[in-house]
Amino acid sequence: PYVVAQPCVDVKDKACVDECPVDCIYEGDRSLYINPNECVDCGACEPVCPTEAIFYEDDLPEEWAWYKDAAANFFAEVGDFGGASAHGPIGKDPAQVAALPPQNQ
Ligand code: F3S
Ligand code: F3S
C-alpha cells in the first residue's frame, strides 16, 4: 500500500482524499492515514499531494519508514471502516505521530 508520511502532519491538505477510488484515506487529528488493508495501490493520491507526503511503502525515505508500521498498527487498533467519507474523522493519531512536536509550521 501507499503511506502518508511526515509532510502531511499539521498540514492536512486533503487533495488526496478526492482522488482515492476506494475512499481509504482517513482523517486523524494531525494527519491523514491510508488504511493499508483497503488501499488497492492505484497510486492516484501520490501525485496530487502538494507537500509530497505520499509514498509507495517501499519508496519511503528511511527517516519516515516508521509511518508504514504506524498506519498499520493504527488501523489494527481502530478497525477497518470500509469508507472514509461515510465514517468521518477518526479524531486521533498513532501514538508516534501524536507525540511529535509541531511539524511543517
Ligand atoms: Fe496530507 Fe497531502 Fe493528503 S498534505 S491530506 S497527504 S494531499
Ligand atoms: Fe487510494 Fe492512494 Fe491507495 S488513491 S487506493 S490510497 S494508492
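A residue counts as near a ligand if its C-beta atom, placed from the backbone, lies within 6 Å of it. This is a predicted model; local features need pLDDT of at least 70, side-chain atom pairs count only at pLDDT 80 or more, and totals for chains, interfaces and linings use all residues. Residues are numbered from 1 along each chain as its sequence is written, while chains are lettered from A and ligands numbered from 1 in the order in which they are written.

**Ligand shells**
- Ligand 2 is surrounded by 14 residues, the closest being Tyr 2, Cys 20, Cys 39, Ala 44 and Cys 45.
- That shell holds eleven nonpolar (Ala, Val, Leu, Ile, Met, Phe, Trp, Tyr, Cys, Pro), two charged (Asp, Glu, Lys, Arg) and one polar residue (the others, Gly among them).
- Ligand 1 has 13 residues around it; Cys 8, Asp 13, Cys 16, Leu 32 and Cys 49 are the closest.
- Its shell divides into nine nonpolar, three charged and one polar.

**Loop between β1 and α1**
- Helices (H or I, at least four residues) and strands (E, at least two) are DSSP runs, numbered from the N terminus.
- Asp 10 sits between β1 (2–4) and α1 (15–19).
- Lys 12 lies in the loop between β1 and α1.
- Most residues other than glycine have a negative phi.
- Asp 10 has a positive phi of about 65°; for Lys 12 the value is about 50°, also positive.
- Lys 12 is partly exposed because it has 18 C-beta neighbours inside 10 Å.

**Val 40**
- Val 40 belongs to the loop between β3 (32–34) and β4 (54–56).
- Val 40 is exposed because 12 other C-beta atoms lie within 10 Å.
- Its C-alpha atom is 17 Å from that of Asp 69, 29 residues apart along the chain.

Note on methods:
Buried ≥ 20, exposed ≤ 12 C-beta atoms within 10 Å, placed from the backbone.
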